[in-house]
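I opened a new model today and kept notes as I went. My plan was fold first, then packing, then surface.

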Amino acid sequence: MSRTLEWTVGVELTEDSGRTKAEARLKTGTSTLTGHGSARCNPADVDVPTIGDELAASRAMKDLAGKLMREANREMEAVGAGTVPQHTGPGYGWPEAVT
């Protein structure tokens, strides 16, 4: 069996007063999942908007990936298969903004 699918991810960024928010939306053709991320500039640091964009977007995509993995795990459990182990790594970058 062979098949080809195309899933589209769009990322929307908004910035206000040193705080950047991102929303990553995955459209599979049959469903949509959304991840959220944010970043804020430390007042003592130089404000470089591109860095906030990159951090917020990457955090939104990480959140989206986690939601997609949890959905896959639910579906595997529903058919009696095992789940994929969860791994976490060390944090890095600017702190996530409190929403």
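The entries below follow that plan.

**Ground rules.** I am reading a predicted model, where local features need pLDDT of at least 70, side-chain atom pairs count only at pLDDT 80 or more, and totals for chains, interfaces and linings use all residues. Residues are numbered from 1 along each chain as its sequence is written, and side-chain values use heavy atoms, with hydrogens and water left out.

**Fold.** I found 1 helix and 3 strands; these are DSSP runs (helices H or I, at least four residues; strands E, at least two), numbered from the N terminus. Along the sequence the pattern reads β-β-β-α.

**Sheet.** I traced an open antiparallel sheet in the order S1-S2-S3. Strands pair here if DSSP finds at least two bridges between them. S1 (8–16) and S3 (32–40) are the edge strands, each pairing on one side only. I looked up S2 (residues 19–27) against S3: 9 bridges join them. Ala-24 sits opposite Gly-35 in S3.

**Helix.** H1 (residues 49–78) packs on the sheet and touches S1, S2 and S3. Contact means heavy atoms within 4.5 Å.

**Core.** The largest nonpolar core has 8 residues, including Ala-22, Leu-26, Ala-39 and Leu-55. Such a core is a set of buried Ala, Val, Leu, Ile, Met, Phe, Trp, Tyr and Cys residues joined through side-chain atoms within 4.5 Å. Buried means under 20% relative accessible area (1.4 Å probe, protein chains only). H1 gives the most, with 4 residues.

**Burial.** I noted that 21% of the 99 residues count as buried.

How values were computed:
Axes are lines fitted to C-alpha atoms, for helices over the stretch in contact, and angles run from 0 to 180 degrees between N-to-C directions. Buried means under 20% relative accessible area, exposed over 50%, partly exposed in between (1.4 Å probe, protein chains only).
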